[in-house]
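Open the model in your viewer and keep the sequence panel beside it. The stops below say what to select and what is there.

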Amino acid sequence: MVIFKKALCAISLIAAAQGALALEIDVDNRTDSEVVLAFSYLDKDSKAWMVEGWYNVSPKTQGKINLNTDNSLYYLYAEFSNGKKIEGGDGSVKLKVQNRSFSYKQDQEPDRFTREVSFVRARGNGGKATIRIK
């Protein structure tokens, strides 16, 4: 994965009500760019906040991501192949990422991760969430 330049991206986060044991996130990438996503969520087994990435969604496609959480609150960070990002905002948190796949407990942040980014606060409903990227 390449490090991208900062830019703004239009996004709408829509929650759908239905019961589930995990948080099922539908990603609808309506752009001409590949998107890679990272998440932070409260793991339902360990009860620890996890940070993990990257989930890839190709241009003009939809993807499904299942996070092992029964908590409706999660955090999202995304980078696009065209340089745009989804980041920051009210309630955001700064967390570290690396350029290849990763997973760690939020309170055990790896020292070797030097890139810090701002994750957007989001909420699902009834175990489901939809991320539409335009």
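Does R30 count as buried, partly exposed or exposed, and at what relative accessibility? R30 counts as partly exposed, at 42% relative accessibility. Bear in mind throughout that this is a predicted model.

**Stop 1: the whole chain**

Colour by secondary structure. Of the 134 residues, 46% count as buried. The chain exposes about 7100 Å², and carbon and sulfur atoms supply 46% of that area. Among contacts in the chain with a separation of 6 or more, 76% are between residues 24 or more positions apart.

**Stop 2: the cores**

Select I25, V27, L37, F39, Y74 and I131. These are the residues with the most contacts inside the largest nonpolar core, which has 21 residues. The strands that each supply at least two residues of this core include β2 (23-29), β3 (35-42), β5 (61-67) and β11 (128-133). β4 (49-57), β6 (73-80) and β10 (115-123) each supply at least two as well.

Now centre on F39. Which residues is F39 in contact with, leaving aside its neighbours within four places in sequence? They are I25, M50, V51, E52, Y55, I65, L67, Y74, Y75, L76, F119 and I131. Next, select V51, L95, V117 and F119, which are among the members of a second, separate core of 14 residues.

**Stop 3: β4 and its partners**

β4 and β9 pair in the antiparallel sense over four bridges. To find the place, select V51, which stands opposite Y104 in β9. V51 is also the residue from the second core and one of the contacts of F39.

**Stop 4: salt bridges**

The structure holds eight salt bridges. Begin with D26 and K64, whose side chains meet in a salt bridge at 2.6 Å, N to O. D26 lies in strand β2 and K64 in strand β5, so the pair ties together parts that are 38 residues apart in sequence. D26 is partly exposed, with a relative accessible area of 25%.

Move on to D28, which forms a salt bridge with R30; the closest N and O atoms are 2.8 Å apart. D28 is buried, with a relative accessible area of 10%, whereas R30 is the partly exposed residue from the opening question.

For the last pair, select E109 and K96, whose side chains meet in a salt bridge at 3.8 Å, N to O. E109 lies in the loop between β9 and β10 and K96 in strand β8 (residues 93-97), so this pair ties together parts that are 13 residues apart in sequence. E109 is partly exposed, with a relative accessible area of 29%. Finish by selecting E24, D26, K64 and K128 together: salt bridges that share partners join these residues into one network.

Terms used: Residues are numbered from 1 along each chain as its sequence is written. This is a predicted model: local features need pLDDT of at least 70, side-chain atom pairs count only at pLDDT 80 or more; totals for chains, interfaces and linings use all residues. Side-chain values use heavy atoms; hydrogens and water are left out. A nonpolar core is a set of buried Ala, Val, Leu, Ile, Met, Phe, Trp, Tyr and Cys residues joined through side-chain atoms within 4.5 Å. Buried means under 20% relative accessible area, exposed over 50%, partly exposed in between (1.4 Å probe, protein chains only). Contact means heavy atoms within 4.5 Å. Accessible areas come from the Shrake-Rupley method with a 1.4 Å probe; for residues, only the protein chains shown count as cover. Two strands pair if DSSP finds at least two bridges between them. A salt bridge is a side-chain nitrogen of Lys or Arg within 4 Å of a carboxyl oxygen of Asp or Glu.
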